[in-house]
Amino acid sequence: MLTAEQILAAQKANVETLFGLTTRAFEGVEKLVELNVTASRAALAEAAETTQTILSVKDAQELLALQAALFQPLAEKTAAYSRHLYDITSATGAEFSKAVEGQFADAQKKFLAVVDNAAKNAPAGSETAVAVFKSAVAAGNNALESVQKAVKQATDVAEANFNAVANTAVNAAKTGKAKRAA
């Protein structure tokens with residue numbers, strides 16, 4: 001069935017895939033760390049600026065106006081951070097999914113080749129059993145493809161909903177700022 005060279009080649013491919021995925025995972029972590037460091041620096045600088053502004057407030061009316069003015073940029077920055085975070089995680093997840101799907105397709109081809117080889121070498125009279133087995137494998141593959149399509153659709157819907165919610169939050173913050181300014 002499988003030769004030592006084929007097994008060795010499969011193991012080599014699996015190790016290469018593992019190291020490739022590990023590299024991509026670290027790249028994703030690096031992007032997350034970079035995003036968080038940038039956000040932390042900006043938050044620290046804004047906190048210092050806000051503290052200075054609050055210390056220069058002369059009355060309660062000015063303090064309330066300052067407080068109201070701080071919420072809109074905060075909502076926009078939170079939405080932008082969430083968008084960046086989502087982009088990083090979804091891009092990394094997509095790379096993992098692509099690699100896994102590629103490995104699965106390759107394994108599936110090899111498995112089907114083994115099944116075909118076994119069918120060719122099957123004893124006389126076992127054609128019905130081989131046909132039933134092949135039919136079961138095909139049904140399993142079709143079910144898996146259906147699940148993969150459903151997961152892709154659900155992911156697309158979740159991404160669209162996330163973007164809609166983020167845009168709504170930013171627009172609501174802008175609307176609130178415009179009403180306060182009027």
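Among contacts in the protein chain between residues at least 6 apart in sequence, what share joins residues at least 24 apart? The share is 77%, where contact means heavy atoms within 4.5 Å. This is a predicted model, in which local features need pLDDT of at least 70, side-chain atom pairs count only at pLDDT 80 or more, and totals for chains, interfaces and linings use all residues. Residues are numbered from 1 along each chain as its sequence is written, and side-chain values use heavy atoms, with hydrogens and water left out.

View 1. From the N terminus on, the order is α-α-α. Helices (H or I, at least four residues) and strands (E, at least two) are DSSP runs, numbered from the N terminus. The C-alpha atoms fill a box of roughly 95 × 30 × 15 Å along the principal axes. The radius of gyration, taken over C-alpha atoms, is 28 Å. A compact globule of 182 residues would have one near 16 Å, by the rule of 2.2 Å times the number of residues to the power 0.38.

**View 2. Helix 1 covers residues 4-55.** Its 52 residues should span 76 Å at 1.5 Å a residue. The expected span is 1.5 Å times one less than the number of residues. The end C-alpha atoms are 76 Å apart, so the model agrees.

**View 3. T17, L21, G28 and L35 are buried in helix 1.** Buried means under 20% relative accessible area, exposed over 50%, and partly exposed in between (1.4 Å probe, protein chains only). Helix 2 (60-120) is among what covers the buried residues of helix 1. Across the protein chain, buried residues make up 10% of the 182 residues.

**View 4. Q67 sits in helix 2.** Is Q67 buried, partly exposed or exposed? Q67 counts as partly exposed because its relative accessibility is 41%. Q67 and D116 are 49 residues apart in sequence. Their C-alpha atoms are 72 Å apart in space.

**View 5. T128 belongs to helix 3 (residues 127-181).** Its relative accessibility is 60%, so T128 counts as exposed. T128 and L35 are 93 residues apart along the chain. Their C-alpha atoms are separated by 59 Å.

**View 6. The protein chain carries 18 positive and 19 negative side chains.** Lys and Arg count as positive, Asp and Glu as negative; His and the chain ends are not counted. Each charge is placed at NZ of Lys, CZ of Arg, CG of Asp or CD of Glu. The centres of the two sets lie 4 Å apart.
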